[in-house]
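Please walk through this structure with the sequence at hand.

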Amino acid sequence: MNAPTTRRRTVAQALVEFLAHQYTERDGRRHRLIGACWGIFGHGNVAGLGQALLESGEALPYLQGRNEQAMVHAAVGYARQCDRLSAQAVTTSIGPGATNLVTGAALATVNRLPVLLLPGDVFATRPADPVLQQLEVPHAGDVSVNDTLRPVSRYFDRVTRPEALIPAALQAMRVLADPVDTGAVTLALPQDVQAEAYDWPEEFFADRVWRVPRPAPDAEALAEAVRLIRAARRPLLIAGGGVHHAEAEDALRDFAGATGIPVASTQAGKGSLRHDHPADVGGIGHTGTATADALAREADLLIGVGTRYTDFTTASSTLFAAPGVRFVNLNIAAFDSHKLGAAALVADARAGLEALGAELSGHRVAAAYEAGYTAAKQEWERRVDAAYAAPDDSVRPSQTQVLGVLDALVDDTDVVINAAGSLPGDLHKLWRARSRRQYHLEYGYSCMGYEIPAAIGVRLAAPGRPVWALVGDGTYLMNPTEIVTAVQENLPFTLVLLQNHGYASIGGLSEQTGGERFGTAYRFRAGDGTYTGAPLPVDLAANAASLGMHVIRAGTVGELRAALGEARGAKRPTCVYVETETADTVPGAPQAQAWWDVPVAETATRPAAVAARQAYDRQAAGRRRHL
C-alpha cells in the first residue's frame, strides 16, 4: 500500500499555498476566496509569512500598506464590492502591528464583512521570555496582545503547532464563506511556528470550493408572512445591506413593482432600488427622508429584508408608532429575523423575495396609498433639487451643493464612499443612487478614516469604475496614509476633501445635547493662551500633494464642477479640495426627521444642558418595545 503523498513546507508556506486554492461558489459562479494579502512586516512575520509570500509569487498577490488598521479597511472595502464572495488577508508583526488591527476587525465583524487577519505572535516554544513586544500577564502565560482580537473576531485561533494549522485554516475558510457567521477571522501565528517545517498531506493544497447557499424559506413561515402582508393596509419594506450581499436587487425590484409596496433603505441598503423607481422612498430612520419616515410612523406592517434594525433605522425605537404595528423579517440570520417580535422568515434575501412574490401574485396595495407616497416622494425630490442648487457658479459651495455637483456628473458606473461625520446624513437623505453598488457607506461602525483605504479596496475589486472617497477634514487627519499606497500601486481614485474646520457632525450633536460644541471646533490658541475663531494654519491640500496626489483646489461652485470633471477622468490618484460653507440644511425640512437617543445630563447648571434634557425627556417618552 502506497504511503500518503506529502509536501515539506513551513507553516507560513503551507498557509499561503492553501489560501491560493480556496474558492467560493454561488449560482454556478466561482470566485477566489482570498484574492490577495496585505502586509506590513516586522520581526513577527518578516521571516515567516513575508518569506512565504515572496516565494509564492503571484499565486497569492502581495499588497503593501502603510497602516495596519487601514489595510483592514481596504480589505473590507474589497469584500463588500465583491458581495462577500471574495476577501483579502492582512498580515502584521506582533505588538503594535497586531493591536492596530482591532478597529478594522471590529468594523468588519459589525458589518458582517469577511477579512482574514494573520498577526504574528510571540514564540510558542518560549526560548526567551519575554521577547520584544511581548505582553506579560502575571496570571496567564498563554495570553498575548492578539487576545484583544478575540471579541471582535467571528473566529479566533492561535496556531501553536504545525499540524494545528489544518483544522484552524479549514474553520477560518468556513466562517469567511458563511453568509451568516462571516466577519473578521483571526489566525494568530507565533513567529517560531511560522518558520517550522512539516510534512503536509497533498490534500491540504487541493482546490477547495466553499458553496454559498441560498436557503429557501420554511413553508409555514412563508404562509404566515404572506397572510400578514395581504392583511396590511399600509405596509413598508425596509431594505438593508443583506439585499446587496445576496444580489437580490432584481428580485426586490420585481416584488415592489408587482405589489406597489414602498421601499425605504438603511445606510447599508441604499441603492437596493434605483432612486427613480416608483416605489423607492429613500433612506429611513434618523437620517432618513421625510417621505420614508412618515410612512414608517403610520405603517401597520414593516417588512425588513436583510436589515439589523440598528438604532439609526428605528430612531431609537420611536419610529414605528402605529398601534398594533407588526413586523415580517426576511433575513438569512435567524438572530436578525426574530428582532422586534417579528414573524421570522429565515432565508436568503433573493430566495425569500422570489418566494413571497410568487405567493402574493395579484396582490397590490390600495391605489390611494400608492398615490399618497408617490406625491410625497415627488415633494421630497423638489427638496433635494433645492438643496443641491446654488444661486450661481461664483459662490462658495455648501456641503449639499458639493453633492449636487457630483450628482450631476456621475453615472451608473461610479462608486461613492463615505463613513462617519455629517456627510452620511446628507448622503442618506439626498443621494440619488443609480446602481446596486454605487452607494458605499460604512455606518455599522461609523469609523472615521475608512474612506481612503476603502477606495483602494474598491478599485482593486472593480478596476474600471470611477471611485470617489468623500472625506471631511476631521476624518482626513485621522488616516491619510494610504494615499501613498494608491500612488505606489497606480490606483486612480478621487478624494473629495471637504474643509469645514472642525467636527461638524459631532459639533451639531453637542449643541443639541447641551454640550455647546465644546471640543469640536478647530480653534487657534493665541500667544496669551486664549482661543480665537481664526482657522488653524493647516493646509490639507498641500498635505495630500506631499503624499503624491494630484491636487485641484476649488473655491467656487463653478471651479468645483470643472475640478470634479477633470478628476473623474484622471489616470492617477487625485484630490479635489474645497472649503465649504458651514450653514447647510435641507430646505423645507429639519436636519433630523427622526430621533436618536443620546442621553443628556439629568442635572446641570448651564441653561443649554437643562433645555436639552427637557427635550430629551419628551423624545424618550415615545420609545416602545415591539414584542
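A residue counts as buried when its relative accessible area is under 20%. By that cut-off Cys-82 is buried, because its relative accessible area is 17%. Cys-447 is also buried, because its relative accessibility is 7%. The model in which these values were computed is a predicted one.

Over the whole structure, the search returns 0 disulfides. Cys-82 accordingly has no disulfide partner: the nearest cysteine sulfur belongs to Cys-37 and lies 16 Å away.

Next comes the sheet that contains strands E4 to E9. Strands of a sheet pair through backbone hydrogen bonds, in either a parallel or an antiparallel sense. Here 6 strands make an open sheet, ordered E5-E4-E6-E7-E9-E8, and their pairing is parallel. Its edges are formed by E5 (62-64) and E8 (155-158), each of which pairs on one side only. On average, neighbouring strands of this sheet are turned by 20 degrees against each other, with direction ignored. Within the sheet, E7 (residues 115-121) and E9 (residues 184-190) are joined in the parallel sense over 5 bridges.

E20 pairs with E18 (residues 415-418) in the parallel sense over 3 bridges, and Val-467 of E20 is the bridge partner of Val-415. E20 also pairs with E21 (residues 494-499), again in the parallel sense, over 5 bridges. In that pairing, Leu-470 has Val-496 of E21 as its bridge partner.

The last stop is a helix pair. Two packed helices are described by the angle between their axes and the distance between the axes. For H8 (residues 219-231) and H14 (residues 349-359), the angle is about 60 degrees and the axes are 10 Å apart. Angles of 65 to 115 degrees count as roughly perpendicular and those under 35 degrees as roughly parallel, so H8 and H14 are oblique to each other. Their crossing is right-handed. On the H8 side the contact involves Leu-222, Ala-225, Val-226, Ile-229 and Arg-230, which meet Ala-355, Leu-356 and Glu-359 of H14.

Definitions and conventions:
Residues are numbered from 1 along each chain as its sequence is written. This is a predicted model: local features need pLDDT of at least 70, side-chain atom pairs count only at pLDDT 80 or more; totals for chains, interfaces and linings use all residues. Side-chain values use heavy atoms; hydrogens and water are left out. Two strands pair if DSSP finds at least two bridges between them. Helices (H or I, at least four residues) and strands (E, at least two) are DSSP runs, numbered from the N terminus. A disulfide is a pair of cysteine sulfur atoms within 2.5 Å. Buried means under 20% relative accessible area, exposed over 50%, partly exposed in between (1.4 Å probe, protein chains only). Axes are lines fitted to C-alpha atoms, for helices over the stretch in contact, and angles run from 0 to 180 degrees between N-to-C directions. Angles under 35 degrees count as roughly parallel, over 145 as roughly antiparallel, 65 to 115 as roughly perpendicular and the rest as oblique. A crossing is left-handed if the near helix is turned anticlockwise from the far one by less than a right angle, and right-handed if clockwise. Contact means heavy atoms within 4.5 Å.
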